[in-house]
Amino acid sequence: MRVLVSGASGMLGRDLMHAGARAGHELVGFSHEELDITDEAAVTGAFARLRPDAAVNCAAWTDVDGAERAPEQAHAVNGGGAGNVARAAAAAGVPCVHVSTDYVFSGQPPRDRAGNIRPYVESDAPGPRSVYGASKLEGERQVLAASPRHAVVRSSWLFGTDGPNFVATMLRLAEEGAGPVASVRVVADQVGSPTWTGHLAPALIGVLERELAGLLHLAGGGHVSWNAFAKEIFRQAAIDCAVEAVTSAEMARPAPRPAWSALETEREDSEQLPDWREGLAGYLAARLR
């Protein structure tokens, strides 16, 4: 299978290229410089030249706070750009997998019939609170409207070896500390499902191979706060660094973050990713290679 990959130079895109090659497929990747997905003619031309059997769109405006300052640009990439890739794929008669985010949800925890808090599933209504989340939701809608063969995969709290991420930041801050008294301050009132791109990338290839369509949630199993995530990072990395708990209000950012964004799938045909702790272990091992 020949697959066109937009956003191939990003953290997830790089792992996707490796996963596709391992699975025996021909993935042809385009960086932002090579293919600007906001340029409809350029996207259409890329499909015409390559004649792929499928496409995966990893390209995105990922600067969450920057989106608040530049909403038109964020919507152009995450909304219109995603739509351009999806419509070009539809016109070429091939499926497209688009990667989305937990930020499409409000952060108000959903509850089961017994009143217990549960993760978000595909049928839960979105309600983004940030420009970034709204732009990604717009992209989801354009992708799904382009073809019934297309899939939107929501994931959460990505970390991988080929890009900046929370795990790398924690390790860097700990290394800059002054021994056992070193500490970091991390919010304890935001909960999500950390996802290693080394697990997500092959799962995306699986979505193509199995011809899944519609909305899917693919995120690390379980959920945890950023604060507890940091503690587990240091535990697995055998680093002596204290983690202080702070609130989101104390660490105010331009864009609001969902207080609850744990994801889970309700689809029986969807793959279940390993627990987020396994993903962290895999990431730490990959850093040493």
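Predicted model: local features only at pLDDT ≥ 70, side-chain atom pairs only at ≥ 80, totals over all residues.

Reader: At roughly what angle do the axes of H4 and H5 cross?

Author: Axes are lines fitted to C-alpha atoms, for helices over the stretch in contact, and angles run from 0 to 180 degrees between N-to-C directions. The axes of H4 (residues 71-92) and H5 (residues 131-146) come within 8 Å. H4 is therefore roughly parallel to H5 (under 35 degrees; over 145 is roughly antiparallel, 65 to 115 roughly perpendicular, the rest oblique), the crossing angle being roughly 15°.

Reader: How do the residues of the contact of H4 with H5 divide by class?

Author: Contact means heavy atoms within 4.5 Å, and the residues that meet include Ala-82 and Ala-86 in H4 and Lys-136 and Val-143 in H5. Ala, Val, Leu, Ile, Met, Phe, Trp, Tyr, Cys and Pro count as nonpolar, Asp, Glu, Lys and Arg as charged, and the others, Gly among them, as polar. On that basis the residues divide into ten nonpolar, eight polar and three charged.

Reader: Which residues does His-98 touch, not counting those up to four places away in sequence?

Author: His-98 lies in strand E4 (residues 96-101) and, with a relative accessible area of 1%, is buried (under 20%; exposed is over 50% and partly exposed in between, with a 1.4 Å probe and protein chains only). Its C-alpha atom is separated by 8.1 Å from that of Ala-86, twelve residues apart along the chain. His-98 touches Asn-57, Ala-82, Lys-136, Gly-139, Glu-140, Val-143, Ala-151, Val-152 and Val-153.

Reader: At what angle do H8 and H9 pack?

Author: H8 (residues 226-236) and H9 (residues 276-288) have their axes 11 Å apart, and their crossing is right-handed. Phe-229, Glu-232, Ile-233 and Gln-236 in H8 meet Trp-276, Arg-277, Leu-280, Ala-281 and Leu-284 in H9. By class, this contact has six nonpolar, one polar and two charged residues. The helices pack at an angle of about 45°.

Reader: Is Trp-157, with its positive phi, buried or exposed?

Author: Most residues other than glycine have a negative phi. Phi of Trp-157 is near 50°, and the residue is found in the loop between strand E5 (151-155) and strand E6 (158-159). Its relative accessibility is 9%, so Trp-157 counts as buried.

Reader: What is the phi of Ala-238?

Author: Ala-238 is found in the loop between H8 and strand E12 (242-246). At 70% relative accessibility, Ala-238 counts as exposed. Its phi is positive, in a residue other than glycine, and is near 55°.

Reader: How far is the sulfur of Cys-96 from the closest cysteine sulfur?

Author: A disulfide is a pair of cysteine sulfur atoms within 2.5 Å, and by this rule the count comes to zero. Cys-96 counts as buried at 1% relative accessibility. The closest cysteine sulfur is in Cys-58, too far for a bond because the separation is 9.7 Å.

Definitions and conventions
Residues numbered from 1 in each chain as written. Heavy atoms only, no water. Helix = DSSP H or I, 4+ residues; strand = E, 2+ residues; numbered from the N terminus. Left-handed = near helix turned anticlockwise from the far one by under 90°.
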